[in-house]
Amino acid sequence: MRLLPRFSRRTLLLGGLAAWAVLTVSCTLTDRAIVMPLQIPGATIVGSGACTKCHGSITSGMHDATHARLMLRDDAGQMKNVSCESCHGPGSLHAKAGTRATIINPKVKPDTCLQCHTNTRSEFSLPHTHPVLAGKIGCSDCHNPHQGDANNPGGARTLAASTNATCAKCHPAQTSHFVFTHEVMREGCVACHAPHGTVNDKMLKSRGASLCYQCHFQPQASNNQIFHGGFNHAGGQANIPAGTCWNAGCHEAVHGSNVNSNLRY
Ligand code: HEC
Ligand code: HEC
Ligand code: HEC
Ligand code: HEC
Ligand code: HEC
Ligand code: HEC
Ligand code: HEC
């Protein structure tokens with residue numbers, strides 16, 4: 001197996017190549033090579049078949065996984081299914097020894113994922129992020145690497161339901177049942193938060209009122225009035241210039257409220 005020096009970012013994955021070409025992790029000297037396979041000293045690639053013996057439940061569930069089709073060309077020019085080893089590193093030593101020291105576990109090493117998902121690395125480098133690079137939570141807390149659509153870990157009917165369920169594991173306060181739920185929750189937490197990270201506090205997608213104006217902007221032509229929900233927000237109290245929409249006394253209960261249908265408390 002010949003290994004290549006790392007190619008420049010430009011030739012890396014997810015750079016607009018045709019999807020099938022992207023799926024070929026090529027080890028030959030062509031500009032289609034996209035990533036340097038992971039390395040474990042002394043170990044070589046054995047193919048996913050070798051994992052079946054001891055991890056049958058994972059290999060059998062893998063058939064419909066997003067990452068099931070990652071292939072590598074070996075020295076004899078044969079394509080090998082390396083869906084396991086693309087994330088866990090070459091498995092020859094581990095398949096004999098069955099020890100933890102001989103295999104990579106990306107749960108504690110997000111770099112394993114980020115070598116391919118370079119865009120995601122830059123998102124996690126923004127000022128407000130989930131503490132993944134700090135090692136407090138892993139990519140697999142939100143993405144299932146072994147089964148189904150990696151973007152839809154719960155396999156729920158809608159992506160929104162599924163992501164909300166994912167977030168609920170750690171954020172029960174925002175995902176509990178409210179008497180008055182902000183209806184946007186049906187679109188999911190990602191309507192307002194970008195969970196990898198953003199430049200804004202609380203990983204909000206945009207700042208201040210513009211976050212809410214995506215859906216609630218109702219421009220009024222006369223008298224400098226701005227109505228939301230039938231109430232003039234540019235009137236005597238001048239709500240809008242006073243700050244964000246979730247300021248003290250305004251829509252503080254932005255996720256949902258048990259007492260106020262205007263999400264105020
Ligand atoms: C001969 C049986 C055997 C084979 C074959 C085998 N494993 Fe394992 N694997 C084990 C055992 C046993 C453990 C648990 C080790 C422990 O907890 O000390 C393990 C643990 C793991 C872990 C978890 C490591 C950790 O840090 O928690 C990963 C990942 C893994 N195997 C991947 C693979 C992959 C990928 C293959 C195929 C290339 C493979 N295994 C083939 C026996 C095997
Ligand atoms: C997209 C990357 C990816 C692929 C592909 C992948 N894994 Fe994993 N694997 C992970 C991550 C991440 C974890 C840590 C999961 C966790 O604990 O949250 C993991 C954990 C494991 C473990 C430890 C036991 C466990 O459930 O925690 C074993 C064993 C394992 N993988 C085997 C395999 C086998 C066999 C394949 C191929 C059929 C495979 N993996 C394919 C990313 C991957
Ligand atoms: C060897 C390169 C490689 C590694 C390592 C890798 N991925 Fe991927 N990932 C891909 C490719 C290629 C796709 C696109 C698959 C497709 O579209 O069918 C993908 C797709 C995804 C998607 C779905 C993206 C979408 O737009 O639907 C998610 C989520 C994802 N990967 C997360 C992870 C996580 C988490 C890890 C680490 C546990 C990981 N990946 C490791 C290559 C990789
Ligand atoms: C806190 C939960 C969470 C964590 C942790 C997380 N993700 Fe995601 N990720 C998501 C959600 C939710 C989406 C879907 C976003 C959307 O629909 O707007 C997503 C989308 C993606 C996508 C596809 C869209 C894109 O941005 O390209 C990839 C690839 C991905 N994540 C990779 C990763 C990797 C790699 C890690 C770890 C370094 C990771 N994610 C950690 C929640 C998370
Ligand atoms: C595995 C647990 C876990 C999951 C799953 C998770 N988070 Fe988090 N979340 C955290 C941790 C840990 C922090 C950092 C808390 C801190 O720094 O005090 C955090 C912080 C946040 C913050 C910022 C809070 C603040 O006070 O600054 C928001 C917003 C958030 N998460 C939204 C989400 C969304 C949306 C999802 C689902 C896509 C999600 N989280 C999934 C663990 C998780
Ligand atoms: C309508 C937009 C919107 C949606 C949808 C949304 N959030 Fe928020 N979220 C916010 C705003 C705005 C804040 C900042 C509140 C503050 O600073 O007082 C926030 C703050 C948070 C915080 C930090 C703690 C707090 O309450 O201040 C967490 C955690 C959080 N959201 C999780 C979630 C989760 C989980 C979901 C999905 C179930 C979700 N959010 C959906 C707008 C939203
Ligand atoms: C992705 C779209 C979307 C975003 C973003 C959004 N909302 Fe909403 N909001 C809705 C929908 C849909 C409803 C229910 C229909 C309605 O009452 O207009 C609603 C209802 C409300 C209500 C209840 C109004 C009533 O009379 O019942 C308040 C208050 C509210 N939103 C405040 C906010 C605030 C504050 C923000 C910014 C943090 C925000 N919304 C962001 C879609 C959104």
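Which of the 19 residues around ligand 4 come nearest? They are Pro110, Cys113, Cys139, Cys142 and Pro195, where a residue counts as near a molecule if its C-beta atom, placed from the backbone, lies within 6 Å of it. Keep in mind that this is a predicted model, in which local features need pLDDT of at least 70, side-chain atom pairs count only at pLDDT 80 or more, and totals for chains, interfaces and linings use all residues. Residues are numbered from 1 along each chain as its sequence is written, while chains are lettered from A and ligands numbered from 1 in the order in which they are written.

**The chain overall**
- The protein chain has nine helices and nine strands; these are DSSP runs numbered from the N terminus, with helices (H or I) of at least four residues and strands (E) of at least two.
- Buried residues account for 16% of the 265 residues in the protein chain. Buried is the label for 20 or more other C-beta atoms within 10 Å of a residue's own, exposed for 12 or fewer, and partly exposed for in between, with C-beta atoms placed from the backbone.

**Ligand shells**
- Around ligand 4, helix H5 (111-114) and helix H6 (118-123) are the elements that give two or more residues to the shell.
- That ligand 4 shell has ten nonpolar, eight polar and one charged residues. Here Ala, Val, Leu, Ile, Met, Phe, Trp, Tyr, Cys and Pro are nonpolar, Asp, Glu, Lys and Arg are charged, and the others, Gly among them, are polar.
- Ligand 6 has 17 residues around it, and Cys167, His171, Gln174, Cys189 and Cys192 come nearest.
- Helix H7 (159-168) and helix H8 (172-175) each put at least two residues into the ligand 6 shell.
- For ligand 7, the nearest of the 19 residues are Glu183, Val184, Cys212, Cys215 and Cys245, and its shell splits into ten nonpolar, seven polar and two charged.

**His67**
- You'll find His67 in the loop between helix H2 (56-61) and strand S2 (71-73).
- His67 is partly exposed because 17 other C-beta atoms lie within 10 Å.
- His67 and His146 sit 79 residues apart in sequence, yet 7.8 Å apart in space, C-alpha to C-alpha.

**Positive phi angles**
- Most residues other than glycine have a negative phi.
- Met203 has a positive phi of about 55° although it is not a glycine, and it is in the loop between strand S6 (197-198) and helix H9 (210-216).
- Leu263, also not a glycine, has a positive phi of about 60° and lies in the segment after strand S9 (256-257).
- Leu263 counts as buried because it has 20 C-beta neighbours inside 10 Å.
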